[in-house]
Protein chains: 2
Amino acid sequence: MTGDERTVVVEREFSHPPEKLWRALTLPHLIEEWLMKNNFRPVQGHHFNLQGEWGGVLDCEVLIVEQNKRLSYTWNFPHENQEFNLESVVTFTLTPTDTGTRLRMEQRGFRPHQKQAYQGAKFGWRNFFSALEGVLERS
Amino acid sequence: MTGDERTVVVEREFSHPPEKLWRALTLPHLIEEWLMKNNFRPVQGHHFNLQGEWGGVLDCEVLIVEQNKRLSYTWNFPHENQEFNLESVVTFTLTPTDTGTRLRMEQRGFRPHQKQAYQGAKFGWRNFFSALEGVLERS
């Protein structure tokens, strides 16, 4: 990955402790409820897939696992058309607050010409965070 | 496509005339509101993409355009892993009723081993239909 790239950042405060957010970020059956079907494991180097409802699939690899603090994995979508081909990295950072946890999601790797993917991710992560909120309320 | 395949069918009654549903099924800016970003055109043989919020993309081709009655297109996701590789066909059928329109969506082409994609589509289309309901209320 060289040259210019754009980054999507979404931050939200949750009224739950970091341990509870960490569970939702790392347990496959909970990840599925707010993000996508998956075969995730919180093990550095583990390869996994995230599968969308409509049949699409992402290729991912775990990069960083710092329990209750930081989780990072690649979020790649290989495609022959460079408009769609995506090589990105998602990093979640959890910071304890007086009332719960601030969750920061950063997705970097969008190329300047990938405006649609970039805009889609901005919108998508807001939806994912709202779904995550629901999972935390129920779990 | 040979051998066994499974089909997802979702049907719902909408309190709007077929002409209004047809608009939502065929105008790109409306399709984007309930389904995905796209470069659709209601022209047989037109190739287009549906792009998910998270960066994934489907390859599609228009097969049937019968105004206000029937719309069909391929819904393909090429992937080297046969668990994910999907060659399917989506067909919408609009039937006028006393109070509006019955919309039937049929997606065929799931292979027997593609249980996750099949289950995901069943769930996904219910969500898409709910979003479509919202678009029809607003438009």
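How many residue pairs are in polar contact across the interface of chain A and chain B? In this predicted model, the rule finds six such residue pairs, both residues at pLDDT 80 or more. Salt bridges tell another story here: across the interface of chain A and chain B, the rule finds zero.

Let us look at who takes part. On the side of chain A that touches chain B, the elements giving two or more residues are β3 (47–51), β4 (57–66), β5 (70–77) and α3 (115–138) of chain A. Helix α3(A) provides the largest share of that side, with eight residues. In total, the contact takes 25 residues from chain A and 25 residues from chain B.

The size of an interface is often given as the accessible area lost when the parts come together. For chain A and chain B, the buried area is about 2,300 Å², and carbon and sulfur atoms give 63% of it.

The same surface serves both copies, as 100% of the contact residues of chain A recur in chain B.

| Pair | Kind | Distance |
|---|---|---|
| A:F48 and A:Y73 | edge-to-face aromatic pair | 5.1 Å between ring centres |
| A:E133 and A:R12 | salt bridge | 3.7 Å, N to O |

A search of the whole structure finds 23 aromatic pairs over all chains. For A:F48 and A:Y73, the ring planes stand at 85°, so the pair is edge-to-face. This pair links distant parts of the chain, with A:F48 in strand β3 of chain A and A:Y73 in strand β5 of chain A, 25 residues apart.

As for salt bridges, the count over all chains comes to 12. In the one between A:E133 and A:R12, A:E133 lies in helix α3 of chain A and A:R12 in strand β1 (residues 6–14) of chain A, so the pair ties together parts that are 121 residues apart in sequence.

Methods
Residues numbered from 1 in each chain as written. Chains lettered and ligands numbered in written order. Predicted model: local features only at pLDDT ≥ 70, side-chain atom pairs only at ≥ 80, totals over all residues. Heavy atoms only, no water. Contact = heavy atoms within 4.5 Å. Buried area = accessible area lost by both parts, 1.4 Å probe. Salt bridge = Lys/Arg side-chain N within 4 Å of Asp/Glu carboxyl O. Polar contact = N/O pair within 3.5 Å; in protein donor to acceptor, adjacent residues only side chain to side chain. Helix = DSSP H or I, 4+ residues; strand = E, 2+ residues; numbered from the N terminus. Phe/Tyr/Trp six-rings, centres within 6.5 Å; stacked < 30°, edge-to-face > 60°.
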